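Subject: Structure handover and notes

Hello,

Here is the structure you were expecting, followed by notes on what turned up in it. Please keep it open while you read.

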Amino acid sequence: MKLATLKTGGRDGTLVVVSRDLVTCQAVPGIARTLQSALDDWDQVAPHLQSVYEQLNAGTAPEADSFIEAECASPLPRAFQWADGSAYINHVELVRKARGAEVPPSFYTDPLMYQGGSDAFVGPCDPIAVLSEEWGVDLEAEVAVVTGDVPMGAGAEQTAAAIRLVMLVNDVSLRNLIPKELEKGFGFYQSKPASAFSPVAVTPDELGSAWRDARLHLPLVVTLNGQPFGRPNAGEDMTFSFAQLIAHAARTRELKAGSIIGSGTVSNKQGSLHGSSIEGGGVGYACLAELRMYETIEQGAPRTPFLRFGDTVRIEMQDGAGTSIFGAIEQEVAHYHGRKE
């Protein structure tokens, strides 16, 4: 089934069930007012949500409304936990190669992960709001999962079964702030502003054969200023599955229902700068930093700028018939002028 959160109803929004074609939706206050409350009581609530989903798809839902992506918050407007991995080692290899550094052997067996801010995500159609272009604004197109409760020390088989929902994410990075933060040896903070998630989160069964081995085997379509920028396959070159990423996060702590685990920037192995772009016959990129890495490796310096005010980013994934699965993250970079009430 497919679930979304409308911006009405307070900080945590209003949970709606969405039809498979993303045309209609229905609020379900009698079942669960918010997505977090549904996740807290998933085994009891999910069958009732599934019943509404089936009615929407059959056109028999008694209180169906039009589904409008621009009215959505991220499926979880705020979450108890947001931890982002780096499951695509190709991305890490490129970063290191661009600065002449080797990838430590442990990176191939032990996932990288950081804990991001989760007190307030932005909606899928909300702007990427920053105070300065000079911070080096970059998109990072990823896949993420939402878990149920996960016990400490859970293995990959147990964590795979704990995946409740799948969604897309734009994990924005401020690239020019990262080096000084990492020099401190204490990780990201200022360089990782609020992320935006796809309008819709879906249960893994909704993805059919594209969901296997706790990976999503479909292209992630990225558009920059209306032009094709990337379509790497999220299932290829993913060194660590979501089950492994969740197990990594739960090694020393319990994860509570509603925890979000990200894949890191989706990245496929490619030959060269001129062969990796979509124009060159490649699959392109899911972030600007990766293109700039190729430019540095092959031309001595990056030539493509980071995002500027007015630039637009679109992130989407389609099924085999070309139908949008999660709806689209569609954002414009804008100057931050304070919080809107």
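A note on naming first: helices (H or I, at least four residues) and strands (E, at least two) are DSSP runs, numbered from the N terminus. This is a predicted model, in which local features need pLDDT of at least 70 and side-chain atom pairs count only at pLDDT 80 or more, while totals for chains, interfaces and linings use all residues. Residues are numbered from 1 along each chain as its sequence is written, and side-chain values use heavy atoms, with hydrogens and water left out.

Pockets and cavity

The search runs on a 1 Å grid over the protein atoms alone: a cavity is a set of points where a 1.4 Å probe fits but cannot get out, and a pocket is an open set with protein on both sides within 12 Å along at least five of seven lines. Lining residues have an atom within 4 Å of a point. Grid points are joined across faces, edges and corners, and a volume is the space filled by probe spheres set on the points.

The second largest pocket holds about 190 Å³ of space. Its lining consists of Gln81, Ala83, Met113, Tyr114, Gln115, His248, Ala249, Thr252, Arg253 and Leu255. Two or more residues of that lining come from each of β7 (113-115) and α6 (242-249). Strand β7 gives the most, with 3 residues.

Across the whole structure, the search finds 1 cavity of 30 Å³ or more. The largest cavity has a volume of about 30 Å³, and Trp82, Tyr114, Gly116, Gly117, Asp171, Lys192, Pro193, Ala194 and Ser195 line it. Gly116 is buried, with a relative accessible area of 14%; buried means under 20% relative accessible area, exposed over 50%, and partly exposed in between (1.4 Å probe, protein chains only).

Helix α6 is largely enclosed by the rest of the structure, because 6 of its 8 residues are buried. They are Phe242, Ala243, Leu245, Ile246, Ala247 and Ala249.

Helix α2 covers residues 42-58. The expected span of a helix is 1.5 Å times one less than its number of residues. For the 17 residues of α2 that gives 24 Å, and the end C-alpha atoms are 24 Å apart, which agrees. Which residues of α2 are buried? They are Trp42, Val45, Ala46, Leu49, Val52, Tyr53 and Leu56. These cover an arc of only 130° around the axis, so they sit on the same side of α2; the arc is that of the directions from the helix axis to the C-beta atoms. An α-helix has 3.6 residues a turn, so residues three or four places apart point the same way. On the other side of α2, Asp43 and Ala58 are exposed.

The buried residues of α2 pack against β1 (2-6), β2 (14-18), β3 (24-27), α1 (35-40) and β11 (163-170), where contact means heavy atoms within 4.5 Å. After α2 comes Gly59, with a positive phi near 75°.

Nonpolar cores

A nonpolar core is a set of buried Ala, Val, Leu, Ile, Met, Phe, Trp, Tyr and Cys residues joined through side-chain atoms within 4.5 Å. The largest has 70 residues, of which Val166, Trp211, Leu216, Phe242, Met317 and Phe326 touch the most other members. Apart from it lies another core, of 31 residues, including Met1, Ala61, Leu165 and Ala257.

Leaving aside neighbours within four places in sequence, the contacts of Leu216 include Val143, Val166, Trp211, Met317 and Phe326.

Single residues

Ala201 belongs to strand β14 (residues 200-202) and counts as buried, at 0% relative accessibility. Although 200 residues separate Ala201 from Met1 in sequence, their C-alpha atoms are 8.5 Å apart in space. With neighbours within four places set aside, Ala201 is in contact with Met1, Lys2, Leu3, Pro75, Leu165, Val166 and Met167.

Most residues other than glycine have a negative phi, and most peptide bonds are trans. Leu22 is not a glycine but has a positive phi of about 65°. Leu22 lies in the loop between β2 and β3 and is buried, with a relative accessible area of 10%. Asp213, also not a glycine, has a positive phi of about 55°. Asp213 is in the loop between β15 (211-212) and β16 (215-216) and counts as exposed, at 57% relative accessibility.

Regards
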